[in-house]
Amino acid sequence: MKELTCNCGFTVKNEDPSVAEAKMWYHAIDDHIEMLKSMTEEQLVGWLTETHKKLGLES
Ligand SMILES: [Zn+2]
């Protein structure tokens, strides 16, 4: 079971790491669109890299 927790405390869980990541993106776009828009490209890449590491995916 893969688990990701958002900065706001929202948690997603799924057997499939790709699905867990997709769910986290869906949450971020749904609840934190302003934050995403204000992030730089570099910050987004850093966040993705960290997410992939947590999930054990290749980044
Ligand atoms: Zn959140």
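A residue is called buried if 20 or more other C-beta atoms lie within 10 Å of its own, exposed if 12 or fewer do, and partly exposed in between, with the C-beta atoms placed from the backbone. By that rule, buried residues make up 5% of the 59 residues in the protein chain.

Before going further, a word on where the picture comes from. This is a predicted model, in which local features need a pLDDT of at least 70, side-chain atom pairs count only at pLDDT 80 or more, and totals for chains, interfaces and linings use all residues. Residues are numbered from 1 along each chain as its sequence is written. The score pLDDT is the predictor's confidence in each residue, from 0 to 100. The protein chain averages 92, and 97% of the residues score at least 70. Among the elements, H3 has the lowest mean pLDDT (92), while S2 has the highest (96).

Now for the overall plan. Helices (H or I, at least four residues) and strands (E, at least two) are DSSP runs, numbered from the N terminus. The protein chain has three helices and two strands, and from the N terminus on they run β-β-α-α-α. Along its principal axes, the C-alpha trace spans about 30 × 20 × 15 Å. How does the radius of gyration fit a compact globule? This radius is taken over C-alpha atoms, and the globule rule is 2.2 Å times the number of residues to the power 0.38. For 59 residues the rule gives a value near 10 Å, and the protein chain has 11 Å, which agrees.

Start your tour at the strands. Two strands pair if DSSP finds at least two bridges between them. Strand S1 (residues 2–5) and strand S2 (residues 11–14) pair in the antiparallel sense over four bridges. Across this pairing, Glu 3 stands opposite Lys 13 in S2. The two strands form a hairpin with five residues between them, and Gly 9 in the turn has a positive phi of about 105°.

Next comes helix H1, residues 17–31. The expected span of a helix is 1.5 Å times one less than its number of residues. For the 15 residues of H1 that gives 21 Å, and the end C-alpha atoms are 21 Å apart, which agrees. Which residues of H1 are buried? They are Ala 20, Glu 21 and Met 24. Seen down the axis of H1, the buried residues fall within an arc of 95°, where the arc is that of the directions from the helix axis to the C-beta atoms. They therefore line one face of the helix. An α-helix has 3.6 residues a turn, so residues three or four places apart point the same way.

What covers those buried residues includes S1, S2 and H3; here, two residues are in contact if their C-beta atoms, placed from the backbone, lie within 7 Å. The face of H1 turned away from its buried side carries the exposed residues Ser 18, Tyr 26, Ile 29 and Asp 30. Ser 18 counts as exposed because it has 11 C-beta neighbours inside 10 Å. Ser 18 and Leu 57 are 39 residues apart in sequence, yet 8.5 Å apart in space, C-alpha to C-alpha.

Move on to helix H2, residues 33–38, where you will find Leu 36. With 14 other C-beta atoms within 10 Å, Leu 36 is partly exposed. Leaving aside its neighbours within four places in sequence, Leu 36 is in contact with Ala 28 and Ile 29. Ile 33 is also found in helix H2, and it counts as exposed with 10 C-beta neighbours inside 10 Å.

The tour ends at helix H3, residues 41–55, whose 15 residues should span 21 Å; its end C-alpha atoms are 21 Å apart, which agrees. Is H3 buried or in the open? The number of buried residues in H3 is zero, so this helix lies largely in the open. After H3 comes Gly 56, whose phi is positive, near 75°.
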